[in-house]
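The sequence and the model are shown first, and the points are then grouped by topic.

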Amino acid sequence: MRQYILHVLLVTLALTACSDFLDIKPYGKTIPRTREEYKALLDETLNGIDMGSTGDEQLLGSYSLSASYEECADNLETNLTEYPSGNYLTTYIGAILSGRQSVYNYLYELIRTSNIILDGWSPDTWERADSDIVGTCHAIRGVAYYQLLRQFCAPAGSEDATLGVPIVTTFNMEAKPDRSTYAQTEAQAEADLRKALSYHIQDKMYRFNDDVILGYLARLYHWTGRWQEALEAATEVVDRHPLLDSAAYRTMQETTYGLAGNRLIMGNLISDGGTGMSGTQTMIKYRPISKRWLNLFEEGKADVRYALAVAKKRKNAKIIRANLRSAELYLIAMECHYHLDHTKDALLMLNSLRRLRCPQARPYTPATLPAIPDDEYIREDATGAPLTPMLYAILRERRKEMFMENGDRFWELKRNGRPEFWVGVKGKKYWTRLFMYTFPLPVADTYVQPSLIQNPGYEEVE
Amino acid sequence: MAAFVCCLGLTVCTSCEDTDKEPPVNAGYKTNIRMPDAEDLSTEDLELIERQQAEYDQNKNNI
C-alpha cells in the first residue's frame, strides 16, 4: 500500500511541476527590476543605435538602410546597373517589402524597452541623471512611433491616411491592441517627443538633446503637413546651428563618423569595426548616378555637392549615411514657408542655401525658377496640389542636398504623391506601385490577431 | 518504478528551463508576401534603356 501511495505521489509531482512551461509570459527573458538594470537596458539599446546594430538601426537609420532606400528611388539609374556585381543591389522597393515586416517588430522592440523602463522607474530616489534616462525613453518611443507612421501608414493628406499603428505605452505581453487612427499615432509620437523635450536631457551619452528632439518634432510636423509647427521647430534649431559655408560643409561630409559640422544625431555614430561601410560604398558604385540627378545642377562641379558626390563614370563618391543635420531642417523651414504662402521668405532661403553650396549660383527670381522637367517623377505636392515651379525648386534643392543621406529621395517620393515608375532588370520590368510605399504589417501578427488590419496590396502570402 | 517516474518528471520539467524558447507564433504559417510578377520589357522599353546606355557610354568619362 505504501508503495502504491508513493507511486501516486511521484506521478502527481511529475505532472504538476511541468505547468511552468505553459507560462509564456517571461518569453525566456529576464525583466529588469533595479535602477541599475533599467539603466543597463537603455545603455545597451543606445549602444546598438550608435553601432547601427540590426534592429536598433531602425530608429535613426544606418548607412546600409540609407543605401537600400536610395537604390529603390531614382537618384541612381537602375537600368544601367552593372552585372553580376550589381546583383547585390536592391532592384526596386517590391524586392525588400516582405522583409519590412521585421522592421515593424524591431521598432516595437524599441518601444517595449522604453515601456519597461518607464513602467518600472521609481521616482522615490529621483536624481538628475534619472531625468536623462526617462527623457531618453520618451524620445526613443516618440521617434519609433514617427518611424512607424512614416513606414507603415499612408502619407498624411492622402485619402487612405486613416489608419495608424497599434499604440502600446505599457509593458504587457498579452495585450493585443488593434490599429489606432492616423491622428492617434501622430499624437502619440508628438506627445512622447514633447515629454522628452520637457526633461532637457543633459548627458551627451543619451544623444537626444533639445535640438535633436526639436529636429524630430520638425520632421514629424513636416511629414504630417503641420507647416506652422514644423517651421517653428526647425527654425529654432537652425538659429542655433546655422548653415555651413562650402569648405566647412565639405569637411563635415568627408567625416565618416561622429557629429561633425552641424550634424545633430546619426545612426552609426561610431564605427562597428567591420567592413560593412566600405562594402556598401563599393557596391553602390555598380549602379551609376542617373542623368536626371546630374541635370539638377546648373553649375555642375562648381557646386560642392556635385563635386563631393560624382566620381568618374558617374559613380557615387559621397559617404552614405543616416543623420539629422541642420540643412535638412533649413529645407523643411523653406518648404513650410512655401505652404504658408510666405513665398518671399522661401525664395530668400532657397537662394541663401544655393549660394553657400555654390558661390557662382545666380539667385532665382520668380521669373527664372527652373522649369519642371518631363522626367521628374513628382508631379504633385504633399497636399495633393500640382507641383509649382517654386516648390519644384525647393524639392530639387533638397534632392541635391540630401543625396545618399537617409534614403531621402524615396521618402520624398512617398510624401509627394507616391508616383509609380518602373525599372528594367535583365529583360524584366519591375513596377514601383502606389501601395508599395506603405509597408506591410507582419503577416504572423494578423494570424494571431485577425482584427489587425493589413495594409492593402499584401493579401498574397507564400 | 519510482525511479522511472522520477526520471520522467525531471525530463519533462526541463521545458521550463528553456529560456531561449519563443512562443510558437509562426509555426506552420506562411509569412512571405508575394509581389506582383515582373513584366517583360516591351520594344519601347528596351529602346529607352538602350538610349540611356548609349548616352552613358558616350558621356561617362566627361565627368
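**Helices of chain A**

Helix α5 of chain A (residues 100–120) has 21 residues, which at 1.5 Å a residue should span 30 Å; its end C-alpha atoms lie 31 Å apart, in agreement with that value. The model is a predicted one. The points below take up burial in α5(A) and then the helix pairs α8(A) with α9(A) and α14(A) with α15(A).

**Burial in helix α5(A)**

- The buried residues of α5(A) include A:Val103, A:Tyr104, A:Leu107, A:Leu110 and A:Ile111.
- A:Gln101, A:Thr113 and A:Ser114 of α5(A) are also buried, as are A:Ile116 and A:Ile117.

**Helices α8(A) and α9(A)**

- Helix α8 (residues 210–223) of chain A packs against helix α9 (residues 227–240) of chain A at about 150 degrees, and their axes are 8 Å apart.
- The crossing of α8(A) past α9(A) is left-handed.
- Residues of α8(A) in this contact include A:Leu214, A:Leu217 and A:Tyr221, while those of α9(A) include A:Ala230, A:Ala233 and A:Val237.
- By class, the residues of this contact are 8 nonpolar, 2 polar and 4 charged.

**Helices α14(A) and α15(A)**

- The axes of helix α14 (residues 326–339) and helix α15 (residues 343–357), both of chain A, come within 7 Å and cross at roughly 150 degrees.
- The two helices are therefore roughly antiparallel.
- α14(A) passes α15(A) in a left-handed crossing.
- Among the residues in contact are A:Tyr330, A:Met334 and A:His337 of α14(A), together with A:Ala346, A:Met349 and A:Leu353 of α15(A).
- This contact comprises 8 nonpolar, 2 polar and 1 charged residues.

Key: Residues are numbered from 1 along each chain as its sequence is written. Chains are lettered from A and ligands numbered from 1 in the order in which they are written. This is a predicted model: local features need pLDDT of at least 70, side-chain atom pairs count only at pLDDT 80 or more; totals for chains, interfaces and linings use all residues. Axes are lines fitted to C-alpha atoms, for helices over the stretch in contact, and angles run from 0 to 180 degrees between N-to-C directions. Helices (H or I, at least four residues) and strands (E, at least two) are DSSP runs, numbered from the N terminus. Angles under 35 degrees count as roughly parallel, over 145 as roughly antiparallel, 65 to 115 as roughly perpendicular and the rest as oblique. A crossing is left-handed if the near helix is turned anticlockwise from the far one by less than a right angle, and right-handed if clockwise. Two residues are in contact if their C-beta atoms, placed from the backbone, lie within 7 Å. Ala, Val, Leu, Ile, Met, Phe, Trp, Tyr, Cys and Pro count as nonpolar, Asp, Glu, Lys and Arg as charged, and the others, Gly among them, as polar. The expected span of a helix is 1.5 Å times one less than its number of residues. A residue is buried if 20 or more other C-beta atoms lie within 10 Å of its own, exposed if 12 or fewer, and partly exposed in between; C-beta atoms are placed from the backbone.
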